Amino acid sequence: MPKISAYAQILVKIFNDKYRNGMESVEFTREEIIEAANELEVKVPKNVGDVVYSYRYRKDMPEAIADTAGEGKAWIIIGGGDARYAFKLSHTPFVTPNRAIQSIKIPDNTPEILVKYALSDEQALLSKVRYNRLIDIFLGITTFSLQNHLRTKVKDVGQIEIDELYVGVDKRGQHFIIPVQAKGGNDRIGVVQLSQDMAYCISKFPNLICVPISVQFMDNDVVAMFHLDCEDHNAQIVEEKHYQLVPSTQITDEYIMRLREHPQT
């Protein structure tokens, strides 16, 4: 039998102690993480919050928990306020790019020096999105980066981090608030971060139109972009486009003519 990590043992104990058949939400606290570690006689993690963070964003849920979700559903961990969390059933916990969608070529304006010294996939992706104005191209409005890696608290959610926050204006003068979730490598676009981003924007900017955007690196410098929505912690795709960043020499007259004859909607 494969050895499971201390983090997994802690979460499985908390879940098994509280879960009963038919439940769709199981609440727990930071204190219960410490209590579970002590009862299991495993070392209490120095960063207790990392137990939750790991299974929110980086790892698949332990098998003993995942197997109780039922067909077509998965358990996620949501925030419930300061040091409070809940296992929650979701029908669509993650969003992945549709590889059948045709990519649209965009001249790559990313400064070469940023490409050379980008410190992470996520930073590289956010830079490419910003310097190529992909948010503007995708949404058809004019946007401006307001802040990146915004760490803050949201009532009834707890501590959150937004990868980048844009504001925008359209031709009618309407204002938009646009939280961006960026994923590179093997990271997945998740409904947990989506719902947190939306909760922050709705509470902090109630008069602006919230348009959650998620972006993910694909192969060959293709950036998948999603306009998402969220209902009861289920992710919904409003629109998906793929943009391939290429040197201008690869955008031929024939390609431009083909777009003119077969415009993509």
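## The largest cavity

Sorted by class, the residues around the largest cavity come out as 6 nonpolar, 2 polar and 2 charged. Keep in mind that this is a predicted model. The largest cavity takes up about 60 Å³, and the structure has 2 cavities of 30 Å³ or more.

Who sits around the largest cavity? The lining is made up of Arg-56, Tyr-57, Ile-76, Pro-93, Phe-94, Arg-188, Gly-190, Val-191, Val-192 and Gln-193. Helix 3 and helix 8 are the elements giving two or more residues to this lining, and helix 8 contributes the most, with 3 residues.

## The second largest cavity

The second largest cavity holds about 30 Å³. Around the second largest cavity you'll find Pro-179, Gln-181, Leu-194, Asp-197, Pro-212, Ile-213 and Ser-214. Strand 8, helix 8 and strand 11 (213–217) each put two or more residues into that lining.

## The largest pocket

Now for the open space: the largest pocket has a volume of about 780 Å³. Its lining counts 34 residues, and Tyr-53, Arg-56, Tyr-57, Gln-159 and Glu-161 are the closest to the centre. Elements giving two or more residues here include helix 6 (121–131), strand 6 (142–154) and strand 7 (158–169). Helix 3 has the largest share, with 7 residues.

By class, the pocket lining has 14 charged, 12 polar and 8 nonpolar residues.

Notes: Residues are numbered from 1 along each chain as its sequence is written. This is a predicted model: local features need pLDDT of at least 70, side-chain atom pairs count only at pLDDT 80 or more; totals for chains, interfaces and linings use all residues. Side-chain values use heavy atoms; hydrogens and water are left out. On a 1 Å grid over the protein atoms alone, a cavity is a set of points where a 1.4 Å probe fits but cannot get out, and a pocket is an open set with protein on both sides within 12 Å along at least five of seven lines; lining residues have an atom within 4 Å of a point. Grid points are joined across faces, edges and corners, and a volume is the space filled by probe spheres set on the points. Helices (H or I, at least four residues) and strands (E, at least two) are DSSP runs, numbered from the N terminus. Ala, Val, Leu, Ile, Met, Phe, Trp, Tyr, Cys and Pro count as nonpolar, Asp, Glu, Lys and Arg as charged, and the others, Gly among them, as polar.
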